[in-house]
Amino acid sequence: MPAPDTHLAAPRAPDATREVCAVVVTFHPDLAVLECALAALAPQVSRVVVVDNGSTAAGVAAIDRLPGAGRRTVLALGDNFGVAAAHNRGIDWARRQGFGYVLLLDQDSEPAPGMVQSLLEAHVEASRRRRVSAVGPRYVDRERGFSSYFVRFGLLTFRRIFCDGSERLIETDFLISSGALISIDALDAIGGMDEALFIDHVDTEWFLRARSLGFSSFGVCAAEMRHSLGNETIRLPLLGNRNIPVHSPLRHYYVFRNSVLLMKRPYPPAAWRANNLFRLSASFLVFMLFAPRRLARLAMIAKGIGHGLRNRSGRLA
């Protein structure tokens, strides 16, 4: 199938303020950051659904009191069921209301002006030639200010593709979930998010599943979003002073466990398996050499690998 012509002007797209429902997942959010994100988002979509994972009743009420409540629905799950379950609840709500598209967002992801309409136009453009799973923006890291790249599978490592001004759309092998614009038609064909994974690799699994069904994903250079990858980082001079996000030992459990679970499934391609194994190995060395709480990280990584081999899934008790 021919690749899309990335230089064509986008055809007239539906109006994002009528067609798109935003699904924002929260987990004990910083209310000031969430308020800024919702204020930037509200004028760009028809409806905002905040799906809260486990805040107290007072916390949910505080979210509901934020400005703009008239165009916002808050779904309180009452416990932390994971990002996949929260996405699915929001998607189901949007489907029942008759929306054509959902925009998935984290609680600290702030769209730049015009981001959602740019994504919608790009989705329509790409859909003329491909079955589109999702389109997503490039993001600027909130703490350090660097601009992101899109990802393709390489020989051993993920190949980074930056927006250089010459392309409108960049075909990717997968996107991060925050900022992903997905049509309800695609979700009906591909299925929802895998709740057994709970948190990490939820987006990776969905895009790999979509890819195995013949769907393509695209990065949109004209769409920009402010996003945070984590407050703690390690700077590695040997890798060009790259900042490596450092998550908690518990997150390492989910990353390694879910990687093992995905390796055992039939649809991830060999290229992803090789890239992911290389990335896990490199991450393990970095965390063991440079990160704090090494023993705690090692214990959770070992537990994650063991649970993955034994097909344990869901939330870690």
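**View 1. A disulfide joins Cys-163 to Cys-221, with an S to S distance of 2.1 Å.** In this predicted model, local features need pLDDT of at least 70 and side-chain atom pairs count only at pLDDT 80 or more, whereas totals for chains, interfaces and linings use all residues. Residues are numbered from 1 along each chain as its sequence is written, and side-chain values use heavy atoms, with hydrogens and water left out. A search of the whole structure finds one disulfide, the term standing for a pair of cysteine sulfur atoms within 2.5 Å. The torsion about the S-S bond of Cys-163 and Cys-221 is about -90°, so the disulfide is left-handed. Cys-163 lies in the loop between strand 8 (159–161) and strand 9 (169–172) and Cys-221 in strand 11 (residues 216–227), so the pair ties together parts that are 58 residues apart in sequence; strands here are DSSP runs (E, at least two residues), numbered from the N terminus.

**View 2. Cys-163 is partly exposed at 27% relative accessibility, whereas Cys-221 is buried at 13%.** Buried means under 20% relative accessible area, exposed over 50%, and partly exposed in between (1.4 Å probe, protein chains only). Nine of the twelve residues of strand 11 are buried, so this strand is largely enclosed by the rest of the structure.

**View 3. Strand 6 (residues 132–141) pairs with strand 11 in the parallel sense over nine bridges.** Two strands pair if DSSP finds at least two bridges between them. Val-132 has Ser-216 of strand 11 as its bridge partner.

**View 4. Strand 9 pairs with strand 11 in the antiparallel sense over four bridges.** Here Glu-171 stands opposite Phe-218 of strand 11.
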